[in-house]
Amino acid sequence: MLFPTSDEPQEQANEVTRESRAVARPLVPVTLALMAGIAAPAWGLRLPGIVLAAGLILLWVGLALLWWRRRPVRLLPLLFFGLLGAASYQQASQPWFPPGHVAHLPENRNLTLWGHLSRPGRLGEGRVQLFMEAEAWRSPWGWRPVTGQVLVLAPALEVPPVGTGLVISGRLRPPGKLNNPGTFDRPRYLAADGIFREVRLSDPSHLIFLTATDAYPWGERLRGGIRQQLRGLDPTCRAIYLAMLLGDQGEVTREMRQNFARTGTSHLLVINGLHLGMVAAVTFFLSFWLLRRFPWLLLRLNAYKIATLLSVFPVVAYAWVAGGSPSTQRAEVMVLAYLLLVFLGRPGEVWSALALAALVILSLTPLRLFAISFQLSFVAVAALIYLVPRLVKVVPEIGWGGNRSMALGDFLAKGLVALTLSLMAILATAPLVPAYFQNLWVNLAYWAKRLALPAKEWLAVSLVATLATAPLVAAYFQIVSLLGFLINYAAIPLFLLLALPLGEAAVFAQALSLPAVAQALLALGKVPLWLGYQTVVWGAQVPGSAIIMPTPTWLEIGLYYLILFLIFAPRRTYLTWAGAGLASVVLITAAALPLATVSRTLEVTCLDAYGGLRVLAVSPENRRLAVSAAAPVWPGHPSPEWGPLPAYCHWRQFRRLDLVLALNLNEDNAGELRQLAEQFQVGSYWSGRRGREGPQFWDLRNYLGERGAVPRSLEWDQAPANLGGAAIKYVSLGRDAGLALELAYQGRRVLLIPPGRDLAGYDLPKAAGPLEALVLPAELANPRGRNLLMASFKPRQVVIYGDSRPFGGTRTTWPVPCQYTREGAVSLYLADSGVTVRQWRP
C-alpha cells in the first residue's frame with residue numbers, strides 16, 4: 001500500500017503520546033541512575049578506567065544513532081549515567097593532581113607552607129579547623145609556588161577572618177582513616193571539599209597569622225560586626241545565633257548538643273534547606289502581600305513571579321553571609337531549583353526540582369552523595385513529597401486559584417507562615433484592643449478555626465520528617481528521638497520563623513551601618529530563641545525522650561523504606577500489603593539474628609587506632625569486654641578526636657558491655673571511654689595507672705562520679721578474673737611498665753601488651769607455656785624486641801598495632817605469622833580445636 005490509511009496517523013499520534021508520557025519527568029530516573037553509579041564503586045563494584053571510557057563512548061554513539069534515526073532510547077540513558085557516575089566517583093576520590101599541587105610535596109617531613117584562609121574556620125572542643133589555600137612552600141632552594149587546599153588542625157584559638165595570610169610549620173600527610181568496620185570514611189568526606197592533605201599542630205607557635213596590609217573584604221567585616229553585636233546576648237542565645245546566622249558552632253557546648261540530639265532538633269544548628277526555605281517563604285509571602293496592596297501593579301505585573309524573584313536575593317545573601325560551606329551551598333541549590341520551577345509556573349513539579357538539585361550537586365561534587373547532610377536533606381524532602389499528601393487532605397482553598405498541584409508544592413511554607421503570623425497577630429493586638437478581652441472566647445474560637453488546618457499540616461510534616469530520617473540518624477549518630485516530631489512541631493516556628501528572620505534583618509541592618517537597629521532586632525529575636533531552646537531542654541529532660549540505637553545495616557535501612565513505600569503505595573492492593581508484611585518479617589529477622597547467634601569460641605578483636613591498644617573480647621556466653629590502653633601523651637600533644645571502640649560496638653549492634661578495662665588512663669582514651677559510658681550499658685569500669693590528666697580526663701571522672709560508677713583500680717582492688725567461660729589474668733611487666741592482660745579459653749592464651757617506649761622498662765615474666773597469640777605495640781616490634789619476646793613467650797601468632805613502619809620505613813621479619821592492625825582489624829577466635837585468625841579488609 002502506497003498511502004497510509006486513516007488509522008495510521010492516529011496510531012502514530014498515540015505512540016508519540018505514550019513516549020511523551022514515559023519521559024514526562026526524565027530528571028528523576030536519570031538522577032537515580034547517576035546516584036547508583038556513584039554508589040557502586042563504594043560498595044566494591046569497581047571497573048577499570050579503560051572499561052568505563054569504552055562503555056561511555058559506545059553508549060554515547062548508540063544514543064546519537066538512535067536520536068538520528070528517531071528510535072526510542074529506552075534504558076540506554078540510564079546505563080550511560082550509571083557509568084558516568086562510576087567514572088566520576090573514581091575520578092573524584094583519586095583525582096589527577098597538577099605538578100604544583102600540595103599532594104606532590106614530601107610527606108611526614110617538617111615543611112613550611114604559606115597561604116591564606118579560604119573559608120571560615122570551625123572551632124570545636126579544644127581545637128580549631130582552618131581551611132588553608134596554599135600558595136608557596138619553603139624548599140631547600142627557596143620558596144616555590146604551590147596550589148591546593150590544606151586542612152590545619154591546631155589548638156583552640158580565635159579564628160581570624162577569611163583571607164588572612166598564615167604560615168605553618170608541620171608534617172604534611174593524607175587524612176587518616178581507621179581500617180575498622182563501621183568507621184567513618186574521613187578521607188572521602190574531605191575529598192568532597194577538595195582536601196587531600198592535612199597538618200596537625202600541637203604547638204601554637206608553629207602557626208603564624210600575618211597582619212593584613214589591605215582591608216578585609218566587606219563580607220568579613222560584616223560577619224565581624226555581627227559577632228560583635230552578638231556579644232551582648234547571653235551565652236546560649238549567642239551560640240545558637242552564631243550557628244544559625246554564620247554557621248559557627250564553636251560556642252555550642254556539649255550539654256547543648258546533647259539536648260538538641262535527644263530531641264531530634266540538631267538540624268536547627270546546621271544551616272540547611274529548611275533554613276533557606278523559611279527565609280524564601282517569609283520573603284515571598286511578605287512581598288506578595290505588599291504587591292497586593294497596589295491593585296494598579298497587579299494589572300501590569302505578575303505579582304506571583306515578582307515575589308518569587310524577590311525571594312532569590314535573601315536566599316543567596318543568607319548563604320553568602322553564612323560562609324558558603326558545602327552544606328549551605330547544597331541547600332542553596334535545592335531552594336533555588338524549586339524557586340526556578342515556581343517562576344516557570346510549575347510549582348507542583350517538586351520531584352523535578354528535587355532531582356534537578358541533586359543532579360547539579362552530584363555533577364559538581366559526586367562524593368556529596370555520601371555526606372550525611374545530603375542524605376538527610378533529600379530523603380526528608382522526598383518523604384514529604386510522597387507521604388504528606390497521603391496523610392493530610394489538602395483542600396483546594398489553601399492554594400491560589402484552587403490549583404491542587406500548587407497547594408501540594410507550597411502548603412508547608414504557607415501553613416508555617418500562617419501559623420506563626422497568626423500567633424504574632426494575637427500577641428500584637430491583645431494589649432491594644434480592649435474589646436478583645438471582652439470577647440475572649442469568640443476570638444479564641446476564631447483563631448482556633450484559622451489555625452486548625454496549618455497546625456494539622458505541620459504536625460504531619462514533622463511526623464513524616466522524623467520517620468523518614470530515623471534510620472539514617474540511627475546509622476550515623478546512634479540515637480533516635482521519640483519526641484522529635486512534637487518538639488520540632490513547637491521549636492521550628494520559634495527558631496526559623498521568628499528568631500531567624502529577625503536575625504537576618506539584623507544582618508541587613510548591620511550591612512547598612514545601622515548597629516543600633518541591628519542590636520534591637522537581635523534583642524527582639526532573643527525572645528523566641530530562648531523560648532525555643534527551653535522547649536528543647538524540656539523535651540530532653542523527659543525520661544525516655546530518646547533511645548540509643550545500634551547501627552542498622554544497609555539491608556535493614558532499605559527494608560524500612562520499602563515498608564513505608566508499600567504501606568502508603570499510590571494503589572494499595574493485597575500484593576502491597578503482603579509485600580509490606582514480608583519485608584517486616586525480614587526486617588525483624590535481620591535485627592534479631594545478631595542477638596540469637598551463639599558462638600562457641602572466645603573472640604578477641606584488635607582494632608586499628610590512632611594511638612594505643614583497643615580490643616573487644618566476646619566470650620562464648622556473649623559476655624563482652626572492652627580493653628583500652630592509651631599511648632603516652634606529652635604536654636602540648638593533641639589527643640585523638642575519637643577512638644574506634646564506640647563505632648565498632650555500634651556496628652556489631654551491641655547495647656551492653658559487661659566490663660571496660662583501661663590498662664592505663666590519660667587524655668588519649670578518656671574521651672573514648674566517656675562515649676562508651678554515654679552510649680552503652682556498662683557493667684563495671686576498671687583502670688590501671690593514670691597518665692597526663694586534662695579536660696577530657698576530668699570530664700570522664702565527673703561523668704562517672706555523678707552516676708556512681710567511678711572506675712576501680714586494677715592494682716589495688718580485686719579485679720575480675722573471668723569473662724564468662726574465659727579466664728582473665730593481669731601480668732605485671734615491671735614497676736614502671738604497668739599491666740598486661742592475658743585472656744585464656746580452653747587452654748589457649750592471648751597476651752595483650754600495652755604501649756611502651758621500649759623493652760628496657762619491662763620485666764618480662766617467664767612463660768607458662770607457648771602463647772597462641774601475642775598482641776604488642778609497634779614500638780616493641782624491632783629486632784631486639786622480637787628476639788626477647790619470642791624467647792620469653794614463644795607465640796604462634798603475632799599481632800602488631802600502631803605505626804607498622806616505625807624504623808626506617810621497614811618492617812621487622814618474624815618467624816611466625818604476623819598481622820598488622822593498620823591494614824585492618826584483626827580477630828582471633830580461640831576454640832578447643834585451635835585458633836582462627838581473620839583480618840578485615842576495607
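Analyst: A residue is called buried when its relative accessible area is under 20% and exposed when that area is over 50%, with partly exposed in between. Please keep in mind that this is a predicted model.

User: OK, so is F80 buried or exposed?

Analyst: F80 has a relative accessibility of 13%, and because the cut-off for buried is under 20%, F80 counts as buried.

User: And how many aromatic pairs are there?

Analyst: The structure holds 14 aromatic pairs. One of them joins F80 and F81, whose ring centres are 5.6 Å apart and whose planes stand at 90°, so this pair is edge-to-face. F81, at 22% relative accessibility, counts as partly exposed, whereas F80 is buried.

User: What about F374 and F378, how are their rings arranged?

Analyst: The pair formed by F374 and F378 is tilted, with 4.3 Å from centre to centre and 35° between the planes. Both residues belong to helix 14, which covers residues 372-391, and they are four residues apart, about one turn of the helix. F374 counts as buried at 2% relative accessibility, and F378 counts as buried at 8%.

User: Which residues do ring pairs link into a cluster?

Analyst: F284, F285, F288 and Y304 are linked into a cluster by ring pairs.

User: Switching to charges: which residue lies over the face of F343, and which over the face of F654?

Analyst: K305 lies over the face of F343, at 5.3 Å from the ring centre, while R624 lies over the face of F654, at 4.0 Å from the ring centre.

Terms used:
Residues are numbered from 1 along each chain as its sequence is written. This is a predicted model: local features need pLDDT of at least 70, side-chain atom pairs count only at pLDDT 80 or more; totals for chains, interfaces and linings use all residues. Side-chain values use heavy atoms; hydrogens and water are left out. Rings of Phe, Tyr and Trp (its six-membered ring) pair if their centres lie within 6.5 Å; planes under 30 degrees apart count as stacked, over 60 as edge-to-face and the rest as tilted. Buried means under 20% relative accessible area, exposed over 50%, partly exposed in between (1.4 Å probe, protein chains only). Helices (H or I, at least four residues) and strands (E, at least two) are DSSP runs, numbered from the N terminus. A charge sits over a ring if NZ of Lys or CZ of Arg is within 6 Å of the ring centre and within 35 degrees of the ring normal.
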